Amino acid sequence: MQIASTMAAGRGDTDQLLFSLARSLMAQGLRVCGTVQINTDRQKTDPCDMDVRVLPEGPTIRISQDLGAGAAGCRLDTGALEAAVGHVAAALERGADVLIVNKFGKHEAEGRGFRPVIAEALARDIPVLVGVNGLNQAAFEAFTEGFGEQLPADATILEDWLIARSRAAEAAM
């Protein structure tokens, strides 16, 4: 199974790492499919706005909801997330060398979100890299049945892993 996860230590660091990685891979001519998250700070007391950019060319979709001052509930806009999933599924159909998903989150842990797209990429022998946090690590491991790799949050290691697996899949065709 060609799937790995990574997790950077700081808040938003995984998002920045995957965004830079996707740009580097595309600059090298790889067909990159998936999403990267872009957070935009708001006022000091408000949480950031969360957007995902669908790779390779967009669109950028706001996946967070403004619940108002002091709200503590989940801000994920599940409809917007599913719209992003639809765009990624369509891009995958057009062909991809790698799939990058910004987060294997609560939705994926529950069997929704990007999970079907990840499964489709794996069925096509397309290497998959996802961001994951500690809260969803066990669900990711269950999804991959223990065959997923945990890679350090190092751009060179992640890039080498994706390129090597993409080339191996291409050679096997």
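**Note on the predicted model**

1. R112 counts as partly exposed, at 39% relative accessibility. The side chains of E110 and R112 meet in a salt bridge of 2.6 Å, N to O. The criterion for a salt bridge is a side-chain nitrogen of Lys or Arg within 4 Å of a carboxyl oxygen of Asp or Glu.

2. On conventions: this is a predicted model, in which local features need pLDDT of at least 70 and side-chain atom pairs count only at pLDDT 80 or more, while totals for chains, interfaces and linings use all residues. Residues are numbered from 1 along each chain as its sequence is written, and side-chain values use heavy atoms, with hydrogens and water left out.

3. How many salt bridges does the rule give? The count comes to six. One of them joins R124 to E120, with the closest N and O atoms 2.7 Å apart. R124 has a relative accessible area of 30% and is therefore partly exposed; E120, at 33%, is partly exposed too.

4. Another salt bridge brings together the side chains of R165 and E149, at 3.6 Å from N to O. This pair links distant parts of the chain, since R165 sits in helix α6 (residues 155–172) and E149 in strand β7 (residues 149–151), 16 residues apart. Helices (H or I, at least four residues) and strands (E, at least two) are DSSP runs, numbered from the N terminus. R165 is partly exposed at 26% relative accessibility, and E149 is partly exposed at 31%. Elsewhere, salt bridges with shared partners join E93, E120 and R124 into one network.

5. F104 and F140 form one that is edge-to-face, with 5.5 Å centre to centre and 80° between the planes. F104 lies in the loop between β5 (98–101) and α3 (106–109), and F140 in helix α5 (residues 137–143), so the pair links parts of the chain that are 36 residues apart. The rule pairs rings of Phe, Tyr and Trp (its six-membered ring) if their centres lie within 6.5 Å; planes under 30 degrees apart count as stacked, over 60 as edge-to-face and the rest as tilted. F104 is buried, with a relative accessible area of 0%, and F140 is buried at 2%.

6. The rings of F104 and F143 have centres 5.6 Å apart and planes at 35°, so this pair is tilted. F143 belongs to helix α5 and F104 to the loop between β5 and α3, so the contact ties together parts 39 residues apart in sequence. Both F104 and F143 are buried. F104, F140 and F143 form one aromatic cluster.

7. Which way do the side chains of β5 point? V98 and I100 point one way, L99 and V101 the other way, and all are buried. In a regular strand the side chains alternate between the two faces of the sheet. β5 pairs with strand β6 (residues 128–131) in the parallel sense over three bridges; DSSP must find at least two bridges for strands to pair. L129 in β6 is the bridge partner of I100.

8. The second largest pocket has a volume of about 320 Å³. Of its 17 lining residues, G12, T14, D15, K103 and N133 are the closest to its centre. On a 1 Å grid over the protein atoms alone, a pocket is an open set of points where a 1.4 Å probe fits, with protein on both sides within 12 Å along at least five of seven lines; lining residues have an atom within 4 Å of a point. Grid points are joined across faces, edges and corners, and the volume is the space filled by probe spheres set on the points.

9. α1 (13–27) and β2 (32–40) each supply at least two residues of the lining of the second largest pocket. α1 gives the most, with three residues. By class, this lining has five nonpolar, eight polar and four charged residues. Ala, Val, Leu, Ile, Met, Phe, Trp, Tyr, Cys and Pro count as nonpolar, Asp, Glu, Lys and Arg as charged, and the others, Gly among them, as polar.

10. Q65 is found in the loop between β4 (60–62) and α2 (78–94). Q65 is partly exposed, with a relative accessible area of 33%. Q65 and A80 are 15 residues apart in sequence, and their C-alpha atoms are 9.5 Å apart in space.

Technical notes
Buried means under 20% relative accessible area, exposed over 50%, partly exposed in between (1.4 Å probe, protein chains only).
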